Amino acid sequence: MSDASTKGDAMRAGRPRPATPGVHLWVVQRVTAMLLGIAVVVHLVTIVTAVRGGLTAREILDRTQGNEAWLLFYVVFALAAGLHGAIGLRNIAAETIGLRGRGADLAWLGIGLLMAAFGIRAAIGLYA
């Protein structure tokens with residue numbers, strides 16, 4: 001049985017159609033956008049509070065080193081930023097220069113994970 005007739009049968013039976021990879025990427029990008037919205041606010045409030053309090057870089061590092069909560073926060077921040085940015089760049093490349101396909105998707109995934117790894121490395125630097 002073909003995939004098209006399966007989808008048509010599902011629609012006629014009132015069942016939802018199976019999600020496509022594009023739908024999954026759309027959901028991941030929206031969820032990471034929500035995480036980034038929260039993380040950016042926390043990050044900026046922390047910076048403003050530290051600067052207004054007159055903390056030096058050494059005093060900030062003294063507060064972040066060994067703090068698992070800040071490590072977790074910045075690891076999630078870096079993963080969300082890496083995935084969100086890669087999906088956005090994938091969509092821009094597909095729409096503007098027609099760069100599509102499995103190879104392009106894997107390249108964007110690699111770029112996103114690399115960007116996330118850079119961010120996680122920086123977070124580990126604050127923690128260690």
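Trainee: By class, how many nonpolar, polar and charged residues are in the lining of the largest cavity?

Mentor: Keeping in mind that this is a predicted model, the lining of the largest cavity counts six nonpolar residues and one polar residue, with no charged residues.

Trainee: Which residues line the largest cavity?

Mentor: The residues around the largest cavity are Thr64, Trp70, Leu71, Tyr74, Ala123, Leu126 and Tyr127, and the helices α4 and α5 each supply at least two residues of that lining.

Trainee: What volume does the largest cavity have, and how many cavities of 30 Å³ or more turn up in a search of the whole structure?

Mentor: The volume of the largest cavity is about 30 Å³, and searching the whole structure for cavities of 30 Å³ or more finds one.

Trainee: What does its lining look like by class?

Mentor: The lining of the second largest pocket has nine nonpolar and three charged residues, and no polar ones. Among the residues that line this pocket are Pro21, Leu83, Arg90, Arg102, Asp105 and Trp108.

Trainee: Changing topic, how many aromatic pairs does the structure hold?

Mentor: There are five aromatic pairs in the structure. One of them joins Phe73 and Tyr74, whose ring centres are 4.8 Å apart.

Trainee: Why is the pair of Phe73 and Tyr74 edge-to-face?

Mentor: The planes of the two rings stand at 80°, so the pair of Phe73 and Tyr74 is edge-to-face, because planes over 60 degrees apart are put in that class.

Trainee: Are those two residues buried or exposed?

Mentor: Phe73 counts as buried because its relative accessibility is 18%, and Tyr74 is buried as well, with a relative accessible area of 16%, since buried means under 20%.

Trainee: What about Tyr74 and Phe77, how are their rings arranged?

Mentor: Tyr74 and Phe77 form a stacked aromatic pair, with 6.2 Å from centre to centre and 15° between the planes. Both residues lie in helix α4, three residues apart, which is about one turn of the helix, and both are buried.

Trainee: Which residues form the aromatic cluster?

Mentor: Trp70, Phe73, Tyr74 and Phe77 together form one aromatic cluster.

Trainee: Last one, where is Thr32, and what does it touch?

Mentor: Thr32 has its place in helix α2 and is buried, with a relative accessible area of 5%. Leaving aside residues up to four places away in sequence, Thr32 touches Ala80, Leu83 and His84.

Definitions and conventions
Residues are numbered from 1 along each chain as its sequence is written. This is a predicted model: local features need pLDDT of at least 70, side-chain atom pairs count only at pLDDT 80 or more; totals for chains, interfaces and linings use all residues. Side-chain values use heavy atoms; hydrogens and water are left out. On a 1 Å grid over the protein atoms alone, a cavity is a set of points where a 1.4 Å probe fits but cannot get out, and a pocket is an open set with protein on both sides within 12 Å along at least five of seven lines; lining residues have an atom within 4 Å of a point. Ala, Val, Leu, Ile, Met, Phe, Trp, Tyr, Cys and Pro count as nonpolar, Asp, Glu, Lys and Arg as charged, and the others, Gly among them, as polar. Rings of Phe, Tyr and Trp (its six-membered ring) pair if their centres lie within 6.5 Å; planes under 30 degrees apart count as stacked, over 60 as edge-to-face and the rest as tilted. Buried means under 20% relative accessible area, exposed over 50%, partly exposed in between (1.4 Å probe, protein chains only). Helices (H or I, at least four residues) and strands (E, at least two) are DSSP runs, numbered from the N terminus. Contact means heavy atoms within 4.5 Å. Grid points are joined across faces, edges and corners, and a volume is the space filled by probe spheres set on the points.
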